[in-house]
Amino acid sequence: MSDIQKLEERIKLLETENQKLKYTMDLIDTECHKVSEKVKRLNYVVEEMAESSFSSKFNTDIEYVCLKLDLEPLQYIEVKCLPMKMEVEYRKTGKIPSIQECHEKLLEELGVPEKEKSNYPIEIIINMLKKFKKDMEEIGEMERAKSIYKIVNQK
């Protein structure tokens, strides 16, 4: 067999393998789409169940709000880091941000449009800060907990 024939056979083999890979990729894409659609439906069902079954307090939980808004992973992380950023800023400047300022920062971080902001009560940020304070107390970060206490309990 000549080198040219060997190369032609190798090319045919590679083309066949390429077709198999394309078919496999199409199957994977189809399955990913199916899973993605199921996750969307599950999110919708969970949201409906939560809204109909739980008290209004549940609607002020940041985890529920993030689920409802279907945040991207990095955006979710940014939102969850917001209390720490606020606390660091407070300790750096000495200026205690108002709860309203904190709430505005949260809504901005969540990407809530201006016309929908009234659907997100201030209790979301209050609960989020209280949880952060509790978490800091549990791990012994008392200075951070005190800073958050000052933010939440200002007059």
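Mentor: Contact, in what follows, means heavy atoms within 4.5 Å. The model is predicted, so local features need pLDDT of at least 70 and side-chain atom pairs count only at pLDDT 80 or more, while totals for chains, interfaces and linings use all residues. Residues are numbered from 1 along each chain as its sequence is written, and side-chain values use heavy atoms, with hydrogens and water left out.

The part to examine is helix α3, residues 73-93; helices are DSSP runs of H or I with at least four residues, numbered from the N terminus. Two packed helices are described by the angle between their axes and the distance between the axes. Here the axes of α3 and α4 come within 9 Å and cross at roughly 160°, the axes being lines fitted to C-alpha atoms over the stretch in contact, with angles from 0 to 180 degrees between N-to-C directions. α3 is therefore roughly antiparallel to α4, a term for angles over 145 degrees. On the α3 side the contact is formed by Gln75, Glu78, Val79, Leu82 and Met86, and on the α4 side by Cys102, Lys105, Leu106, Glu109 and Leu110. By class, this contact has 6 nonpolar, 1 polar and 3 charged residues; Ala, Val, Leu, Ile, Met, Phe, Trp, Tyr, Cys and Pro count as nonpolar, Asp, Glu, Lys and Arg as charged, and the others, Gly among them, as polar.

Helix α4 (residues 99-110) also holds His103, which is buried at a relative accessible area of 4%, buried meaning under 20% with a 1.4 Å probe and protein chains only. Leaving aside residues up to four places away in sequence, His103 touches Tyr120, Pro121, Ile122 and Ile125.

Helix α3 also meets α6 (residues 142-152), with axes that come within 10 Å and cross at roughly 90°. The two are therefore roughly perpendicular, the term for 65 to 115 degrees. Among the α3 residues in this contact are Pro83, Met84 and Glu87, and among those of α6 are Glu143, Arg144 and Ser147.

Glu87 of α3 is buried, with a relative accessible area of 0%. Its side chain makes polar contacts with the side chains of Arg91, at 2.7 Å, and of Arg144, at 2.8 Å. A polar contact is a pair of N or O atoms within 3.5 Å; within protein, one must be able to donate a hydrogen and the other to accept it, and residues adjacent in sequence count only if both atoms are side-chain atoms.

Methods: Angles under 35 degrees count as roughly parallel, over 145 as roughly antiparallel, 65 to 115 as roughly perpendicular and the rest as oblique. Buried means under 20% relative accessible area, exposed over 50%, partly exposed in between (1.4 Å probe, protein chains only).
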